[in-house]
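Here is a short report on a ligand and the pocket around it. Look at the model first, then read on.

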Amino acid sequence: MRILVVGATGTIGRAVCDALSPRHEVVRASRHRSALRVDIAQPDSIRALYQAMGRVDAVVSAAGEARFAPLSTLRDEDFAFSLANKLMGQVNLVRLGFDSVSDGGGFVLTSGVLARSPMPGSAAVSLVNAGLEGFARAAALEAPRGVRVNVVSPPWVTETLRALGMDPRPGLPAAQVAQTYVQAVEGRQTGEVLEPKKDSRPATRL
Ligand SMILES: NC(=O)c1ccc[n+]([C@@H]2O[C@H](COP(=O)([O-])OP(=O)(O)OC[C@H]3O[C@@H](n4cnc5c(N)ncnc54)[C@H](OP(=O)(O)O)[C@@H]3O)[C@@H](O)[C@H]2O)c1
């Protein structure tokens, strides 16, 4: 398969590229550090990316930012940023990408554990993650030509916890998280939220 990975330079995106590349042609894109650039917060940038790409069999997104801060300090701008970037950025990758994905191909988006296990400071992130999961379930019903739409909801990643100076033990290594993306790309499921687990078999949340 020819697979576009957006967010290819990130902790999760790099691991997804490594996991897919032995069996597939992987095209790497990101906002600053990839040869192929896209800013998913800008719909015209997504349109230009798809125009440059031509046909792909799958699009994986491990990109998108949302603001983490106490609810009382989150400003209008923080919500607007989070919605335009991680939420609408990935929604638009699907909406604007349907015509670029081959019959039976698929999209794999990224939400995150804070959708269902919030913590103080996660209001904007939890909002965006939950929105992505609702969007994917609904978009899968209307996707044309057998195109599939799924979301991976990663737990905390070991490498991220380590980089933040936190206890890495509750985390899951990025390479293990990446296996769930591979299963979403290569499998037949659609409209599902896949949660990477320690034994690498994703649990499905209906
Ligand atoms: N790591 C975790 O523990 C964890 C857990 C749950 C959910 N998640 C979610 O998983 C996703 C990836 O996380 P990560 O830790 O791998 O992030 P990361 O290491 O910070 O990497 C983010 C990647 O996304 C790209 N990117 C960011 N904003 C973009 C934009 N507007 N347009 C296009 N590309 C953009 C970056 O590109 P450049 O490098 O070129 O700027 C980079 O490739 C995030 O949405 C995060 O919320 C992560």
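## Polar contacts

A polar contact is a pair of N or O atoms within 3.5 Å. The model shown is predicted. In it, a polar side-chain atom of R33 lies 2.6 Å from an oxygen atom of the ligand.

A backbone N or O atom of I12 lies 2.8 Å from an oxygen atom of the ligand. At I40, a polar backbone atom is 2.9 Å from a nitrogen atom of the ligand.

How much of the ligand does the protein cover? On its own, the ligand has 910 Å² of accessible area, and the protein covers 84% of that.

## The shell around the ligand

The ligand is surrounded by 27 residues. The closest are T9, S30, H32, R33 and T160. By class, the shell has twelve polar, ten nonpolar and five charged residues.

Which elements give two or more residues to this shell? They are helix 1 (11–20) and helix 3 (76–95).

The ligand sits in the largest pocket. The volume of this pocket is about 1,200 Å³. Its lining holds 42 residues, and those closest to the pocket centre are A62, A63, G64, E65 and K86.

By class, 22 lining residues are nonpolar, 13 are polar and seven are charged.

Note on methods: Residues numbered from 1 in each chain as written. Predicted model: local features only at pLDDT ≥ 70, side-chain atom pairs only at ≥ 80, totals over all residues. Heavy atoms only, no water. Near = heavy atom within 4 Å. Polar contact = N/O pair within 3.5 Å; in protein donor to acceptor, adjacent residues only side chain to side chain. Areas by Shrake-Rupley, 256 points an atom, 1.4 Å probe, with all protein chains shown as cover. 1 Å grid on protein atoms, 1.4 Å probe; cavity = no way out; pocket = protein on both sides within 12 Å on 5 of 7 lines; lining within 4 Å. Sits in = over half its atoms within 2 Å of the grid points. Helix = DSSP H or I, 4+ residues; strand = E, 2+ residues; numbered from the N terminus. Nonpolar A, V, L, I, M, F, W, Y, C, P; charged D, E, K, R; others polar. Points joined across faces, edges and corners; volume = space filled by probe spheres on them.
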